[in-house]
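Visitor: I would like to learn how to read a model like this one. Please show me the structure, then take me through its features.

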Amino acid sequence: MSTTLKRVHGYLAEFENVHDLYHAAEHVRDAGYQRWDCHSPFPIHGLDQAMGIQRSKLPWLVFCGGITGTTTAFFLQYITQNVLYPTVVQAKPITAIWAIPAWFPVMFELTILFSAFTTLFGLLALIGLPRFNHPIFASKRFAKFSDDTFFVCIEARDPKFSQEGTKAFLEKIGGKHVELVEDDI
Amino acid sequence: MESTATASNSSAAPIQPRVLDREPLVLNNRSYSWITNRICGIIENKQPMLWWILFLPSVVLTGVMAFCFVYLIATGVGVWGQKQPVAWAWDITNFVFWIGIGHAGTLISAILFLTRQKWRTSVNRAAEAMTIFAVMCAGLFPAFHVGRVWMVWFLAPVPNANAIWQNFKSPLLWDVFAVSTYFSVSVVFWFIGLVPDLATLRDRCKPGIKKTLYGIFALGWRGANRHWSHYETAYMLLAALSTPLVLSVHSVVSFDFATSVVPGWHTTIFPPYFVAGAIFGGFAMVLTLMIPCRKIYGLQDLITAKHIDNMAKVILLTGTIVGYAYCMELFIAYYSANYYEGQAFLLRALHGPSVPYYYAMFFCNVIAPQLFWFRWARHSMFWVMVVSMFVNFGMWYERYVIIVTTLEVHMTPGAWRTFQATWVDKVTFLGTFGFFMMNFLLFLRFLPVIAIGEVKGVLPQSNPHHDPHQEKGIQEEDLMDYPDRHVAKTVTA
């Protein structure tokens, strides 16, 4: 259902190449904006620093996932082989954990398996995807982000955002086709 | 010559070594949108006739494979040729063959990523797809080899009807964990890599069922740098996880043999030997698929002669490692002074029933790739294809030699028996090629065969320090990792 009411998402400015985007990002960062982002068809080397983004926390999540995998595999094997149904094969001791070298392959594989899935779901959680829609897709020009165009979007939620000031700022730093992105409520 | 002349002049400033131009990864200065159009065009345009010529027989062969498996279930695993003492034959050979093929995909996507080999971007997507389809083919054989395929859940770590758990000390169970982890992680890696490209496809489609489907799988990707930042970390982590994983998978496969006490199998060289062989065979399959692909879809600017050349060198290297392993096996059989080990190899190579297989293996895997010492051979698509075909055959023979020729003549001579493959063996194996090709052709039809975003990222103009107004000159991108090599290019008069 569409109404005539619109919500302002922010200003979207277009840049032709990586070089311009990179320097624009430095300007936006230095101007003190908080809620803004660059959009590009591929990751750009060094843009994180130009935007002032912190390093991803994902490795810590994955480390925890990996440890969970190792312990899961250890207890899976210890409990089933030594407690529930002690299996006497290959002359391996069953009373203690001395058969542990034979458990290493499964412990290793589950470490990798749990880490990989933590990477996937951790990534999705950190970037807040999947989501069905996003106000930025209301812009017709934005579809080119996945082809050959680079964008900077400063959101209206930013405390420094102003209808005139932000537009002028984006034009000053070289943004083309500066556009107010609004989506239906 | 020029530099020696100037070096004699002592008053001049210190001479900097001249930087050679690297071969560009994408030829003809292609733009971002050219890359998008060319790769998405494969999916959006009508497929060439050849696609159908290959696709229809593949579907038929997949059906034939399904028929063979149904016949096996209805009759029993005896429709395959194995009888004592050859209890593992074509099925396990095929399993090791297919799983090995997959390894090249992971090598390209993970190990070459960690070692910053930027040329991988043009081939990694297709190679990863190949990995997934090859592992699917591989998994079929052990699943049906258990005899009663409806009991295959006994492999999963749940207690069976008598509350008995699996034997976790068995390499066969390690294999279950290794292969299923490998498959899952490969799919995750492939999917994460696909997300930005699916967004590209989504943005190019007209509203409709296709746009919706690409949209769902693109997860709402909007190329935000705050996302790319996490994404790149995730990609790096998956590469770092897949690297030891791929080495572990074929090592565990080799444990199936190496931990037994069968002469000819019980050797410590097996894990590295199997891993090298897997990468070797896998690269041959990547080339077998990519050389026709780049020709048919006009991707010569993206998959250049340089890419083929690099892959041929990997084949040469791993083929030589495999050759070393063959020779070392023979040497250890002699040097260990173990009578049974020695006899196993004499029977394999001199007077056993399957000697021709041994020499076929040796020729295809060790002799044929030596052609790649020559540049003209690495640059001729015809010879690259010929050698790749030899390697494809040779790696199957290698597994056949290891598995079947060893079991045919092991221990008590009274129990020796030469293996005879049945038509079901042969047709099932052929059918898996149909299944593999069918999946690969569908992949070509519906998903981007080259990682669009990654290829754009290795173009010189993707470096933020690249000056867009000065098109010619040193490719900064190539020098980024070598600060000491930032030297102005000599202007040629």
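Guide: We go from the interface to a helix, then to charged pairs and backbone geometry. Keep in mind that this is a predicted model.

Visitor: Start with the interface. How many residues of chain A and chain B are in contact?

Guide: Count both sides. In chain A, 68 residues are in contact with 59 residues of chain B. Then look at the area. About 5,700 Å² is buried between chain A and chain B, and carbon and sulfur atoms give 69% of that. Phe42(A), Pro43(A) and Glu109(A) supply 10% of the area that chain A buries against chain B, more than any other three residues.

Visitor: How many residue pairs are in polar contact between chain A and chain B?

Guide: The count is 22, with both residues at pLDDT 80 or more. Next, ask which elements of chain A take part. Helices α1, α2, α3 and α4 and strand β2 each supply at least two residues to the side of chain A that touches chain B. The most comes from α4(A), with 16 residues. By class, that side of chain A has 43 nonpolar, 17 polar and eight charged residues.

Visitor: How many salt bridges does the rule find across the interface of chain A and chain B?

Guide: One. It pairs Asp37(A) with Arg226(B), with the closest N and O atoms 3.8 Å apart. Asp37(A) sits in strand β2 of chain A and Arg226(B) in helix α8 of chain B. Asp37(A) counts as buried at 10% relative accessibility. Arg226(B) is partly exposed at 29%.

Visitor: And how many salt bridges are there over all chains?

Guide: The search of the whole structure finds 18. Here is one within chain B: Arg30(B) with Asp301(B), closest N and O atoms 2.6 Å apart. Arg30(B) lies in the loop between α1 and α2 of chain B, and Asp301(B) in the loop between α9 and α10, so the pair ties together parts that are 271 residues apart in sequence. Arg30(B) is partly exposed at 24% relative accessibility, whereas Asp301(B) is buried at 11%.

Visitor: Which residue forms a salt bridge with Glu44(B)?

Guide: Arg204(B) does, with 2.8 Å between the closest N and O atoms. This pair links helix α6 of chain B to helix α2 of chain B, so it ties together parts that are 160 residues apart in sequence. Arg204(B) is partly exposed at 31% relative accessibility. Glu44(B) is partly exposed as well, at 33%. Salt bridges can also share partners: Glu14(A), Arg141(A) and Lys144(A) are joined into one network that way.

Visitor: Now a helix. Is α2(B) mostly covered or mostly open?

Guide: First, the general idea. An α-helix has 3.6 residues a turn, so residues three or four places apart point the same way. Now the case. Helix α2(B) has 13 residues and reaches 18 Å from first C-alpha to last, close to the 18 Å expected. It is mostly covered, with 10 of its 13 residues buried. Among them are Trp34(B), Ile39(B), Cys40(B) and Gly41(B).

Visitor: What covers the buried residues of α2(B)?

Guide: Look in both chains. The cover includes α1 and β3 of chain A, together with α6, α7, α15 and α16 of chain B.

Visitor: Last, the backbone. What should I look for?

Guide: Most residues other than glycine have a negative phi, and most peptide bonds are trans. Look for the exceptions. A cis peptide bond joins Leu129(A) and Pro130(A), and Pro130(A) lies in the loop between α4 and β3 of chain A. Another cis bond joins Gln84(B) and Pro85(B). Pro85(B) lies in the loop between α3 and α4 of chain B.

How values were computed: Residues numbered from 1 in each chain as written. Chains lettered and ligands numbered in written order. Predicted model: local features only at pLDDT ≥ 70, side-chain atom pairs only at ≥ 80, totals over all residues. Heavy atoms only, no water. Contact = heavy atoms within 4.5 Å. Buried area = accessible area lost by both parts, 1.4 Å probe. Salt bridge = Lys/Arg side-chain N within 4 Å of Asp/Glu carboxyl O. Polar contact = N/O pair within 3.5 Å; in protein donor to acceptor, adjacent residues only side chain to side chain. Helix = DSSP H or I, 4+ residues; strand = E, 2+ residues; numbered from the N terminus. Nonpolar A, V, L, I, M, F, W, Y, C, P; charged D, E, K, R; others polar. Expected span 1.5 Å × (residues − 1). Buried < 20%, exposed > 50% of the residue type's maximum accessible area, 1.4 Å probe, protein only.
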